[in-house]
Amino acid sequence: MTRIAIVGAGLSGLVLAIGLRDFASVTVFEKSRGIGGRLSTRYQDPFSFDHGAQYFTAKTPEFRKFLEPHIASRLVQDWQPKLVTLEHGIQSQAATATEGFYAAVPRMTSLCKSLAEDIDVQHQREIKRIERVDGVWHLTTSDGIDAGIFDWVISTAPALQTQRLLPKNFSGQDKLKDSRMNGCFTLMLGYENAPTIEWDAAKIVGSPIGWIAVNSSKPGRPMGFSLVVQTSNKWAEAHLEVSAQSPGDGAWD
Ligand SMILES: Cc1cc2nc3c(=O)[nH]c(=O)nc-3n(C[C@H](O)[C@H](O)[C@H](O)COP(=O)(O)OP(=O)(O)OC[C@H]3O[C@@H](n4cnc5c(N)ncnc54)[C@H](O)[C@@H]3O)c2cc1C
């Protein structure tokens, strides 16, 4: 049987693994302890925080079809936040109930956990080297362990990480090198006493902050009132290298 290695147990890696498992022997390598990649959640009783993807929409028929069984099993549910836009701290329009936003329940990682149930996922295995020897691919982990021999390798790691991982003569090297990622810092706040906020999510304009969500307004979350605050990509890019200890100059921009 064809042997396929997939690097990364985020949504892409797991969906690929499910699609390929009837035709090949599939092994997924994941560098972290958990799975889900950027569909990520942290929790500390009684709070949970989806600090990566906030929600997803289903725009293509293929993705809608993929979601159908998960919606039927209530693993994926509608999130209809009252959404506002805040411009320089002022609400610029009335809250609208949003439709077509989905969230995995009880946390964003739950979807990937469910997808991974029958997949061979090797946790805490960071693939560091991929070499072609005698017509097959040899994979080695970051601690020098031989991770096996495969006929095909698929990397779902972010583009620049994939670029460093794949052989120098790979034809897609230039495209990968030209790709860009947008940074984002996330602040997670849990409240003993819930503040009065009349919306569930806010898009912020003209501020270092780009998005605030009342995470506890998503379906199936624990009771503790939790906020997820994400910076704009522009602000994050400008501050990526600033140390957390840096006193800064007091200015936001
Ligand atoms: C802050 C933030 C907010 C977002 N908001 C939204 C949103 O609201 N709606 C939306 O639809 N999308 C959103 N996204 C985007 C969405 O999260 C991603 O597009 C999606 O989760 C990417 O999935 P993926 O499987 O392609 O990659 P990833 O989730 O990045 O998965 C890649 C996996 O590969 C692993 N990996 C990397 N290198 C190696 C290696 N060498 N060896 C082994 N494993 C490795 C990583 O640990 C990771 O688990 C957001 C992303 C972020 C960061």
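Reader: How far apart do the C-alpha centres of domain 1 and domain 2 lie?

Author: The model is predicted. Its domain assignment gives domain 1 as 2–35 + 116–178 and domain 2 as 43–108 + 182–239. The C-alpha centres of domain 1 and domain 2 are separated by 31 Å.

Reader: Which residues of the largest nonpolar core touch the most other members?

Author: The largest nonpolar core has 31 residues. Domain 1 and domain 2 each give at least three residues to this core. The residues that touch the most other members are Leu 14, Val 28, Ile 35, Phe 56, Trp 79, Leu 111 and Val 121.

Reader: Which elements give two or more residues to this core, and how many residues does the second core have?

Author: Two or more core residues come from each of strand 1 (2–7), helix 1 (11–20), strand 2, strand 9 (102–104), helix 3 (109–115) and strand 17 (209–214). The second core is separate and includes Ile 127, Ala 147, Leu 165 and Leu 166. The size of this second core is 12 residues.

Reader: How many aromatic pairs are there, and what is the angle between the planes of Phe 29 and Phe 150?

Author: Ring centres within 6.5 Å make a pair, and by this rule the count is 11 aromatic pairs. Phe 29 and Phe 150 are 5.9 Å apart centre to centre and are edge-to-face. The angle between their planes is 85 degrees.

Reader: How many residues apart are Phe 29 and Phe 150, and are they buried or exposed?

Author: Phe 29 is in strand 2 (residues 24–29) and Phe 150 is in strand 13 (residues 146–150), so the pair links distant parts of the chain, 121 residues apart. Buried means under 20% relative accessible area. Phe 29 has 2% relative accessibility and Phe 150 has 6%, so Phe 29 is buried and Phe 150 is buried.

Reader: Why is the pair of Tyr 191 and Phe 225 edge-to-face?

Author: The ring centres of Tyr 191 and Phe 225 are 5.6 Å apart. Planes over 60 degrees apart count as edge-to-face. Because the planes of Tyr 191 and Phe 225 meet at 85 degrees, the pair is edge-to-face.

Reader: Which parts of the chain does the pair of Tyr 191 and Phe 225 tie together, and what is the relative accessible area of Tyr 191?

Author: Tyr 191 lies in strand 15 (residues 186–191) and Phe 225 in strand 18 (residues 225–231), so the pair ties together parts 34 residues apart in sequence. Phe 225 is buried at 14% relative accessibility. Tyr 191 is partly exposed, and its relative accessible area is 27%.

Reader: Which residues form the aromatic cluster, and which charged residue sits over the ring of Trp 79?

Author: The cluster is made of Tyr 55, Trp 79, Phe 101 and Trp 211. Over the ring of Trp 79, 5.2 Å from its centre, sits the charged end of Lys 218.

Reader: Which residues are closest to the ligand, and which atom type of the ligand lies 3.0 Å from the backbone of Ile 127?

Author: There are 27 residues around the ligand, and the closest are Ser 12, Glu 30, Arg 38, Tyr 55 and Ile 127. A backbone N or O atom of Arg 38 lies 2.7 Å from a ligand oxygen, and a polar backbone atom of Gln 54 is 3.2 Å from a ligand oxygen. For the polar backbone atom of Ile 127, the ligand atom at 3.0 Å is a nitrogen.

Reader: What is omega for the cis peptide bond that joins Asp 45 and Pro 46?

Author: Most peptide bonds are trans. Pro 46 lies in the loop between strand 3 (41–44) and strand 4 (47–50). The bond from Asp 45 to Pro 46 is cis, with omega of about 5 degrees.

Reader: Where does Arg 74 lie, and what is its phi?

Author: Most residues other than glycine have a negative phi. Arg 74 is in the loop between helix 2 (61–72) and strand 5 (76–78), and is exposed with a relative accessible area of 52%. Arg 74 is not a glycine, yet its phi is positive, about 70 degrees.

Note on methods. Residues numbered from 1 in each chain as written. Predicted model: local features only at pLDDT ≥ 70, side-chain atom pairs only at ≥ 80, totals over all residues. Heavy atoms only, no water. Phe/Tyr/Trp six-rings, centres within 6.5 Å; stacked < 30°, edge-to-face > 60°. Helix = DSSP H or I, 4+ residues; strand = E, 2+ residues; numbered from the N terminus. Buried < 20%, exposed > 50% of the residue type's maximum accessible area, 1.4 Å probe, protein only. Lys NZ or Arg CZ within 6 Å of the ring centre and 35° of its normal. Core = buried A, V, L, I, M, F, W, Y, C linked by side-chain atoms within 4.5 Å. Domains from an automatic or database assignment. Near = heavy atom within 4 Å. Polar contact = N/O pair within 3.5 Å; in protein donor to acceptor, adjacent residues only side chain to side chain.
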